[in-house]
Structures are given as structure tokens and as C-alpha cells.
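I set out to look up the ligand sites of this model and to note what lines them. The entries follow in the order in which I made them.

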Amino acid sequence: MNETPLWASESFWKKTAIWVTAGSFLILVVLTFDSLKQTTAGTQRVPAYDVINKKIDYQFDKELNKFMPVIGGEELLFGKEYTEEEARELVDLGKKTTQAKNCMNCHTLLGNGAYYAPDLTKAWLDQGWISPEMREDMMLQFLMNPEKNARTFGTGRKMPNLGITEAEAKGVVAFLKWMSSIDTNGFPYNFKTLYAED
Amino acid sequence: MKSGGLAGVIENAGVLVDRSRGYWQDFQNWVQLDSSTLSPGRQLAVKYFIVAVILFCAQILFGLLAALQFIFPGFLYEILDFSVNRMVHINAMIVWMLYGFFGCIYWLLEDESGTEIVGLKYGNIAFWVLTGAVTIVVLVYLLVQIGPGKDSSLWFINEGREYIEAPRWADIGIVAVVLTFFYNVVATFSKGKWSGIAGVLTLDLVALAGLYVAGMFYMTNITHEQYWWWWVIHLWVEATWEVLVGVIMAWSLMKLLGVRRKIVETWLYIEVALMFGSGILGLGHHYFWIGTPEYWLTIGGFFSALEPIPLVAMVVHAVYDAGAHSFKTGNHPALAWIIAQAFGNFFGAGVWGFMHTLPQINLYTHGTQWSASHGHLAFFGAYATINIAFFYLAIQHWRGDVWMAGGIKNAWRWKWALGLLNAGVLGMTIALLIAGYEQSFIERAVEGSTWGGYFAAQSQPAFQSAMTWRLFFGLITASGLVLLVWDLLTIGKGEERKAEMPQQA
Ligand code: HEM
Ligand code: HEM
Ligand SMILES: [Fe+2]
């Protein structure tokens with residue numbers, strides 16, 4: 001009988017398995033620290049919560065060759081200027097509401113979730129809200145009373161009434177506005193906002 | 001008056017209990033299963049299997065309701081909304097598969113360690129605690145459904161996060177139960193003997209349980225929240241679960257075919273190296289578009305593109321071993337499901353996963369029915385199949401190691417169950433693939449993912465007929481499941497011939 005060559009031996013693969021696993025995990029841990037740092041609220045990629053006081057748009061950047069959020073001048077939400085702490089609280093209420101109402105089991109957020117209803121990543125910027133002036137009111141009305149304000153585009157698929165209060169609805173709108181400012185590496189591609197001229 | 005009413009209620013309840021006891025007796029007389037053939041550890045294992053099958057049925061039932069709503073949006077509107085049905089569908093899936101895995105491990109633990117299970121009493125208590133908790137969670141999902149935007153909703157109703165929706169109180173309970181399970185495993189191997197399989201299993205369980213904790217926290221920052229959420233989901237299904245299946249498969253191939261231990265253990269190490277080497281950093285394919293830095297496009301694309309390699313290795317291993325032992329086995333249904341696992345895993349995870357894993361493609365397919373197509377074939381192919389194979393191993397032993405081959409009485413049942421389930425899921429996968437292509441093209445590429453673009457894609461005839469076909473194949477799947485349950489309850493009943501179990505070479 002020939003000896004088992006090294007590459008077919010049990011002990012060789014056992015050691016390889018241990019080293020490969022440990023090495024990959026170590027790299028993942030290092031990258032995790034870096035990614036979390038780069039995506040803390042208040043960074044280039046994930047703006048601070050008081051970005052809800054500003055105009056947010058999403059445009060194609062020729063130099064980077066991808067769609068990028070564009071943060072502009074003042075555009076207050078509900079006619080109020082929020083401090084960073086107030087803004088964080090409002091976005092937090094909105095985020096918690098999206099979880100408590102289980103939004104993700106119909107919609108996608110940042111592209112993750114269910115496929116029964118539209119993606120919410122850039123919902124704040126959607127042309128469905130017609131104009132910047134009408135948007136806030138339309139969004140609140142829709143969230144609190146979706147059966148009456150649904151536009152189903154002929155599919156008959158309506159959002160159910162989830163008992164969202166006015167305070168919660170405002171939180172959700174703030175959360176959606178903040179989320180639309182996150183740099184998502186160009187996803188979704190080709191999205192035209194309600195600021196775009198045709 | 002009042003006490004009379006109460007007495008009446010008690011009397012009625014007594015009648016009801018008696019009657020259900022009668023039905024239970026009839027059922028037991030019908031299935032004719034005698035648990036004295038099972039060791040105490042295996043009696044616990046079959047309890048896990050039974051709950052797994054019940055939850056599998058729940059998964060399919062709620063999947064059908066959700067699929068119906070795609071076609072008739074008014075169906076159960078504001079009674080059981082799509083979100084509720086889908087949540088129960090995917091949560092029941094995760095839980096039944098975990099129940100199945102627990103069962104598999106309790107099943108092989110005594111055999112592999114050469115001793116009886118240490119602390120089995122606690123294992124039994126943990127089973128009932130977990131099952132009670134699962135029952136309450138599901139009832140709350142169905143009856144309470146949602147809550148106000150407060151912490152208390154996340155603690156007691158649901159956390160609103162795909163696949164791991166269970167409220168926080170249940171999370172903590174689950175962790176406690178898993179620790180008990182882990183104690184059973186480690187203490188038993190320590191008392192008996194350790195092996196390569198035992199070592200891999202133990203380390204894998206540490207990782208599997210530890211990862212669950214990463215998904216238990218609330219965060220305002222959705223980028224951070226999804227970052228950790230994917231640690232649980234991806235590192236479960238594309239790393240730790242996959243290795244767990246490798247362990248279960250290694251043991252089964254020894255038992256079913258008599259493959260030598262040295263061979264399965266060497267393969268197991270190869271699989272671990274390839275699976276963790278590609279799967280851990282392959283996590284990056286979920287970090288393309290959630291706000292995380294651009295380097296993930298390269299890292300995620302590269303490593304996840306390597307993930308199919310271990311799956312090829314697993315097919316080669318299973319098919320080669322089966323061939324080398326001339327497909328001689330004492331349990332044909334189990335071997336058939338193992339072969340289905342090898343191919344299902346390879347196609348569902350490997351091929352379907354690879355097709356949308358490069359960022360250039362994922363930009364368009366991300367969050368479309370494309371993902372659902374892959375999700376169905378992968379979860380079914382990789383994890384439903386191996387559990388079903390084990391159900392057959394368990395029932396054979398339960399019946400007293402009787403003969404279980406292609407020629408047994410009513411063999412059509414297991415063959416048709418196998419065929420209908422696989423054809424059903426494959427059919428749904430193809431229907432969803434067509435819908436996914438259409439959605440990527442119309443909604444993502446042409447219309448730029450606006451609300452209008454979303455509904456434009458949903459209204460296309462190609463999409464709508466795909467939804468009808470999905471429902472059709474869902475019904476095929478469901479009929480396969482009914483047949484499977486019937487077969488599991490009856491196969492080998494009254495069979496006198498003993499199985500010729502292979503000897504280990
Ligand atoms: C048995 C193993 C696997 C299972 C059970 C599985 C399951 C899933 C599921 C359910 C999703 C959808 C998640 C969601 O709801 O958002 C998903 C997403 C994904 N999977 Fe897998 N998968 C497996 C293996 C793989 C492999 C090996 C690859 C790559 C080669 C892969 C590539 C992907 C990608 C790229 C996505 C993201 C889809 C998107 O952008 O929407 N998967 N997987
Ligand atoms: C009668 C059979 C089934 C039907 C009708 C069905 C239907 C559905 C529906 C309607 C969804 C929601 C998709 C969406 O959000 O648009 C879904 C999701 C899902 N189902 Fe099923 N399903 C069935 C069987 C299965 C089986 C057998 C498995 C796996 C073992 C499975 C795994 C999944 C997964 C992983 C998801 C989430 C996919 C994602 O988010 O990408 N389903 N199913
Ligand atoms: Fe993944």
C-alpha cells in the first residue's frame with residue numbers, strides 16, 4: 001500500500017480547516033470594526049439624523065459613474081428645525097414603528113424584506129408624492145389611512161390600516177427621509193426623484 | 001347557579017378530554033408505533049421530529065395563503081394580511097428546520113459518543129419549554145399581529161425583522177434552550193468518546209448559537225441593524241447550517257452505506273475549510289447596497305462566487321460514495337432524499353446563488369422575486385431534504401429496523417411524495433425566476449425602482465401568470481407534503497422482513 005499523500009490526509013485538512021476558518025473570521029472582525037465606524041450616523045456614508053432639516057436628492061454622478069445622494073440647503077420637515085437629539089428621537093420612533101408594524105414583511109428597506117409592496121429605500125424622493133409641497137401631508141395621510149389613500153396602479157393591492165398614530169406617522173416620515181440620504185453605492189439604479197426635471 | 005354553571009363546564013371539559021383521549025388512542029392503534037424500540041435519547045429526537053413536521057405543514061399552509069394574496073389581494077385583507085402570513089411562513093420554516101437539526105443530533109449523539117446522553121432530563125424539559133414558547137409566539141403573531149412603535153412591541157409581539165421575528169422574550173428563551181442542548185452534547189461526548197465529527201459539531205454549535213445573539217438588538221441606525229441581521233441569516237445558512245448538514249451527512253453516509261469513518265471525516269474537514277473559507281467573507285454579498293463601504297463589492301463578490309465550490313465537493317462525496325457502495329442500502333427513501341439534498345443544495349444555493357451574487361448583476365436583481373426564487377430552491381434543497389431523509393431513518397428504526405426499499409408495500413407513497421415535493425418546489429422556483437427576470441428588467445433597469453415602476457412590473461402579464469404558476473406548483477408541493485406525512489406514519493407498518501444494514505468496512 002502506498003502512503004496517503006499529504007493533500008489527502010485527514011490531519012492536513014483538519015489543520016487547513018482550522019486556519020482558514022480562524023483567518024477568515026479575523027478578517028471579518030477587522031472589516032466589521034471599520035464598516036461600523038464608517039457607517040455610524042454622522043459620517044459621509046450615513047448622515048447625522050438632523051439631515052432631516054435639509055433638502056435631500058439622488059442624482060447620477062458622472063465622475064463616480066453611479067447614483068449618489070445629494071444633500072442640499074435647508075428644507076425643514078413639518079416646518080420645524082430639529083436639533084440632532086430631537087431628530088434622533090423622531091427617527092428612532094419611526095424606525096421602531098416600522099418594526100412593530102412589520103413593514104418588512106411586505107416591503108423591502110434597502111432592498112431587504114418582502115416583495116409584495118414597493119421598495120422604501122428612496123420612498124421619500126418618489127415622484128408619487130407629486131411635489132415637495134404636497135409630500136409631507138400626503139405621506140402622513142397615506143400612513144394613517146392607507147385604505148382610502150392607496151394608489152394601487154390597477155393591481156388592487158392596498159396597504160392595510162396598521163393603526164399608525166399621527167406621532168408615529170411623523171416618525172416614519174422622518175425615518176424615510178433620513179434613510180434616503182444614505183449612500184447605498186448606487187442602488188437603486190436609474191431612480192428619478194420628484195425634483196428631477198422630466 | 002354560578003357553581004352549577006362551573007360544574008357544567010367542568011363536565012363538558014371532561015367529556016372533551018375523554019373524547020380526545022379516545023381519538024388519540026385510535027390514532028395510536030392505527031400507527032402502531034412502539035417507542036420501546038427507541039433509546040431515551042432517540043425518544044427525545046422523535047419528539048423534535050414530530051413538531052418539525054407539524055411546523056412544516058404550517059409553513060406550507062401560510063405560504064399558500066400568501067401566494068393567494070398575490071393573485072387576489074382582497075383575500076383575508078385586514079384579517080390575516082400578507083405580512084402576517086409571510087411572517088408565519090418563513091418563521092415556521094426556520095424553526096422547523098432547527099427542530100429537525102436538534103432531532104438529528106439527539107438521534108446520533110448516543111451512537112457517536114458511545115454512551116447515553118448526559119442530562120437528558122434537562123433536554124426533555126428544554127423541549128417542552130421551547131415548544132410552549134413557539135406556540136405562544138405563533139398565537140401572538142396570528143391574534144395580536146402588530147403593536148405601537150414602542151420597545152414593548154418588540155419585547156412581546158414581534159421584532160419585525162425577517163426570519164428572526166420572534167419577540168425578545170422568546171429570543172432569551174431560545175438562547176436558554178440552546179445552552180441546555182449544547183450542554184447535553186458536550187457533556188455526552190466528554191463522558192463517552194470524542195471524534196472528528198464530534199469536534200466539528202461542537203464548534204459549529206458554538207458559532208450557530210453565538211450568531212443568534214448578534215440579531216437580538218434594536219438599533220435606530222438601519223445600516224448597522226442590517227449589518228448584524230445578515231450575520232445571523234447569512235452566517236447561518238451559508239456557513240454554520242451548511243457545516244451542520246455536513247456533520248449529519250457524514251454520519252448518515254456511514255450508517256446508510258457503510259462508508260469508512262476516515263473517509264467521511266477527511267471530507268468533512270475539506271468541506272469545513274471550503275465552506276467557511278468562502279462563506280464567512282461571502283457575507284459581503286449582502287453589504288453591497290445597505291450603506292456599507294465600497295470594498296464589500298469586491299470582497300463580497302469574490303468570496304461569495306467561491307461558495308459553490310464546497311457544494312460541488314458535497315455532491316461528489318455523496319454520489320461517489322453511493323456509487324462506490326453500489327447504492328446498497330437498507331433505507332431507500334432516506335438515500336433518495338440524501339441524493340436530492342446533494343443536488344438541491346448544489347442547484348439552489350450554488351447555481352441559483354451564484355447567478356445573482358456579482359454586484360454588477362445584483363444591482364438589478366436585489367430585492368426582487370429573483371431572491372425569492374433562490375430562497376425557495378436553496379432552503380428546500382439544502383435543508384428540507386436532509387431533514388426528510390432523517391425522518392425516514394428515524395421511522396425505520398422506530399418500526400424495529402424493518403426492510404425499507406423500493407419494493408415494499410405502498411412504496412408508491414414515498415416515491416410520489418419525493419416526486420411531488422421536488423417537482424412542486426422546482427416549479428415554483430422557475431415561476432419565480434421568470435417573475436424575477438421580468439421585475440429586474442422592468443422595475444429595476446427601465447423604471448428605476450420607483451413606486452410606479454414597481455407596480456408597472458407587477459402588472460405585466462408575464463409577472464401575473466408567473467404568480468399563478470407559483471400557486472399551482474405550491475399546491476403540488478402541498479400535495480406532496482400530505483403524502484409525505486401519510487407515508488411517514490404508515491411506512492413499514494406490518495413489515496416483517498428486517499433491513500440489511502450495511503457493515504462498516
Ligand atoms: C443553503 C444555502 C443558502 C440558502 C438557504 C440561501 C437563502 C437565501 C435567501 C432566503 C435569501 C433572501 C434573503 C432575503 O429575504 O432578503 C438569499 C439571498 C441571497 N443569496 Fe442565498 N442562500 C444560500 C446560499 C447562497 C450561495 C452559495 C450564494 C452565492 C453563491 C447565495 C447568494 C445570495 C445572494 C447574492 C443573495 C442576495 C439577494 C438579494 O440581493 O436580494 N446564496 N439567500
Ligand atoms: C406551497 C408552497 C409554498 C408557497 C405557496 C410559498 C409562498 C411564498 C410566498 C408568497 C412568499 C413571499 C415572497 C414575497 O415576499 O414576495 C414566500 C417566501 C419564502 N418562502 Fe415560500 N412558499 C412555499 C413553500 C416554501 C418552501 C418549501 C420553502 C423552503 C423550504 C420556502 C421558503 C421561503 C423563503 C426562504 C421565503 C423568503 C424569500 C425571500 O425573502 O427572498 N417556501 N413563499
Ligand atoms: Fe448570503
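This is a predicted model: local features need pLDDT of at least 70, side-chain atom pairs count only at pLDDT 80 or more; totals for chains, interfaces and linings use all residues.

I counted a residue as near if one of its heavy atoms lies within 4 Å. Of the 27 residues around ligand 1, B:E162, B:Y163, B:H366, B:S371 and B:H374 come nearest.

I then looked up polar side-chain atoms beside ligand 1, with a polar contact taken as a pair of N or O atoms within 3.5 Å. Such an atom of B:H366 lies 2.6 Å from an oxygen atom of the ligand, and one of B:S371 lies 2.6 Å from an oxygen atom. For B:E238 I noted 3.5 Å to a nitrogen atom of ligand 1.

Next I turned to the iron atom of ligand 2, which B:H89 (NE2) and B:H376 (NE2) coordinate at 2.0 Å; donors are N, O and S atoms within 2.8 Å of the metal (3.2 Å for Na, K and Ca). I noted that B:H89 is in helix α3 (residues 82-113) of chain B and B:H376 in helix α14 (residues 369-398) of chain B, 287 residues apart; helices are DSSP runs (H or I) of at least four residues.

I recorded residue numbers from 1 along each chain as its sequence is written, with chains lettered from A and ligands numbered from 1 in the order written. Local features need pLDDT of at least 70 and side-chain atom pairs 80 or more, whereas totals for chains, interfaces and linings use all residues; side-chain values use heavy atoms, without hydrogens and water.

Notes
Helices (H or I, at least four residues) and strands (E, at least two) are DSSP runs, numbered from the N terminus. A polar contact is a pair of N or O atoms within 3.5 Å; within protein, one must be able to donate a hydrogen and the other to accept it, and residues adjacent in sequence count only if both atoms are side-chain atoms.
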